[in-house]
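Please read it alongside the sequence and the coordinates.

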Amino acid sequence: MKLTTADVARFVGGQIEVQNNSEGYLYRGEIAEISVDEAKKSLNVRLAWMAKMGDDEWVKDEELNYAASFEIYSASDIGPGETGGNRIHLSCWINHESTTLFPPDGSKLDRSKVKGLDPVPA
């Protein structure tokens, strides 16, 4: 699936989930800006906030940028979840990372459940 900025624009206000079972990390955050850089063949995401799963709790993470190169990541439309519209899934066979984009009306991590993050947006 080839993505464009127009394809991913609908995810602003939704969330991104990035995980890697072999390295043991799980991140979730709210998408503030998202675009596809045609020249660099990459997906670029700027987040309003990011959380990392720690010892059985979500903890605020300072990293607010995420990028995935389409040279090593493949994208697919995986349809709607239990709530919301269609999601996009990116996977990388090299680093075993799995990334899902959720639309604004889709699955969300409640920011009030993230340690160190203000429950109400500034």
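Glu38 is partly exposed in this predicted model, with a relative accessible area of 46%. Its side chain meets that of Lys2 in a salt bridge, with a distance of 3.3 Å from N to O. The pair joins distant parts of the chain, since Lys2 belongs to the segment before helix H1 (5-8) whereas Glu38 sits in the loop between strand E2 (25-37) and strand E3 (42-53), the two being 36 residues apart. Lys2 itself counts as exposed, because its relative accessible area of 64% lies over the cut-off of 50%.

A second pair consists of Glu17 and Arg28, whose closest N and O atoms are 2.8 Å apart in a salt bridge. Here too distant parts of the chain are linked, Glu17 lying in strand E1 (residues 15-20) and Arg28 in strand E2, 11 residues apart. Both residues count as buried, because the relative accessible area is 16% for Glu17 and 6% for Arg28, while burial is assigned under 20%.

Lys60 and Glu62 also meet through their side chains in a salt bridge; Lys60 is partly exposed at 37% relative accessible area, and Glu62 is exposed at 62%.

| Salt bridge | N to O distance |
|---|---|
| Lys2 and Glu38 | 3.3 Å |
| Glu17 and Arg28 | 2.8 Å |
| Lys60 and Glu62 | 3.9 Å |

Turning to nonpolar side chains, Ile72, Trp93 and Ile94 form a patch on the surface, and together they have about 350 Å² of accessible area. Of these residues, Ile72 lies in the loop between strand E5 (65-69) and strand E6 (73-80), and it is partly exposed, with a relative accessible area of 31%.

As for the overall build, the chain has one helix and nine strands, which follow the pattern α-β-β-β-β-β-β-β-β-β when read along the sequence. The radius of gyration is 14 Å, in agreement with the value near 14 Å that a compact globule of 122 residues would have, and the C-alpha trace spans about 35 × 30 × 30 Å along its principal axes. Of the 122 residues, 39% count as buried. Among contacts between residues at least 6 apart in sequence, 46% join residues at least 24 apart. The accessible surface of the chain comes to about 6,900 Å², with 50% of that belonging to carbon and sulfur atoms.

Methods. Residues numbered from 1 in each chain as written. Predicted model: local features only at pLDDT ≥ 70, side-chain atom pairs only at ≥ 80, totals over all residues. Heavy atoms only, no water. Patch = residues over 30% accessible without salt bridge, like charges linked within 9 Å, V, L, I, M, F, W, Y side chains within 5 Å. Areas by Shrake-Rupley, 256 points an atom, 1.4 Å probe, with all protein chains shown as cover. Salt bridge = Lys/Arg side-chain N within 4 Å of Asp/Glu carboxyl O. Helix = DSSP H or I, 4+ residues; strand = E, 2+ residues; numbered from the N terminus. Buried < 20%, exposed > 50% of the residue type's maximum accessible area, 1.4 Å probe, protein only. Rg over C-alpha atoms; globule rule 2.2 N^0.38 Å. Contact = heavy atoms within 4.5 Å.
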